[in-house]
Amino acid sequence: SSGINAEYGCCSSLIPGYMVTTYDLNESYNSSVTSVFNPYDRNLAANQIGESIDDGNSADVEFLNSIAEVLASCKYQQPKNINSPSSHELKVFSLNIRSLIKNVSYFREEIEIFSKYDVLCFNETNLTISKLPNGINDILIDGFHEPLVQDPTRKSGKGGGLAIYVNKRVCAPEKLEITKLNLVPTETS
């Protein structure tokens, strides 16, 4: 037990946010009060962990601040609180899915919620279409076009992969232009 305490004390003094829960990091977010949550809000404790980006290069800081302002101005909501988009909106759902094949059934079961999005983007799909028993049919979602899928490109073969679904109400299949990405495997894990 004392080894665990020593590890905790060592890590907590070296790593900001070590052993802190998501609730602690997002202390101002109470899902029972509001449905809007902005992960880019600079006032959140989670966004105050680590080194300052101010390295003296004002052009870089100005550029990063402009990106942060755009991200901070977005309205991030829990999927169940999303309304269908109006004609001048594009609603995008993005998720590190950590295996599309293991999780696609959830999106099929909750289609009423996810059909309100125009685009569903998943990274870390961990799948190669050619290895699926029924090919692309194993990952189709009702109401969405066949997804654009990029196989994992890591040489390690672990992780990676992208899938992008476009809602059929957004455009007809003949209007959906898909360009095959030619990505080269990298050495990163």
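Two residues are in contact when they have heavy atoms within 4.5 Å of each other. Keep that idea handy as we start at Leu 120, which touches Phe 93, Phe 114, Ile 141, Phe 144, Ala 163, Ile 164 and Tyr 165, leaving aside residues up to four places away in sequence.

A word on what you are looking at: this is a predicted model, in which local features need pLDDT of at least 70 and side-chain atom pairs count only at pLDDT 80 or more, while totals for chains, interfaces and linings use all residues. Residues are numbered from 1 along each chain as its sequence is written, and side-chain values use heavy atoms, with hydrogens and water left out.

Now for the overall layout. The protein has five helices and four strands; these are DSSP runs numbered from the N terminus, with helices (H or I) of at least four residues and strands (E) of at least two. Along the sequence they come in the order α-α-α-β-α-α-β-β-β.

How confident is the predictor? Its confidence in each residue is the pLDDT, from 0 to 100. The mean for the protein is 75, and 60% of the residues reach 70 or more.

Next, look inside. A nonpolar core is a set of buried Ala, Val, Leu, Ile, Met, Phe, Trp, Tyr and Cys residues joined through side-chain atoms within 4.5 Å. The largest one here has 20 residues, of which Leu 100, Leu 120, Phe 122, Ile 139 and Tyr 165 touch the most other members. H4, H5, S2 and S4 each give two or more residues to this core, and H4 gives the most, with three.

Finally, which residues form the one salt bridge? The side chains of Asp 118 and Arg 169 do, at 2.9 Å from N to O; the term means a side-chain nitrogen of Lys or Arg within 4 Å of a carboxyl oxygen of Asp or Glu. Asp 118 lies in the loop between helix H5 (111–114) and strand S2 (119–123), and Arg 169 follows strand S4 (162–166), 51 residues apart. Asp 118 is buried at 4% relative accessibility, whereas Arg 169 is partly exposed at 44%.

Terms used: Buried < 20%, exposed > 50% of the residue type's maximum accessible area, 1.4 Å probe, protein only. pLDDT = per-residue confidence, 0-100.
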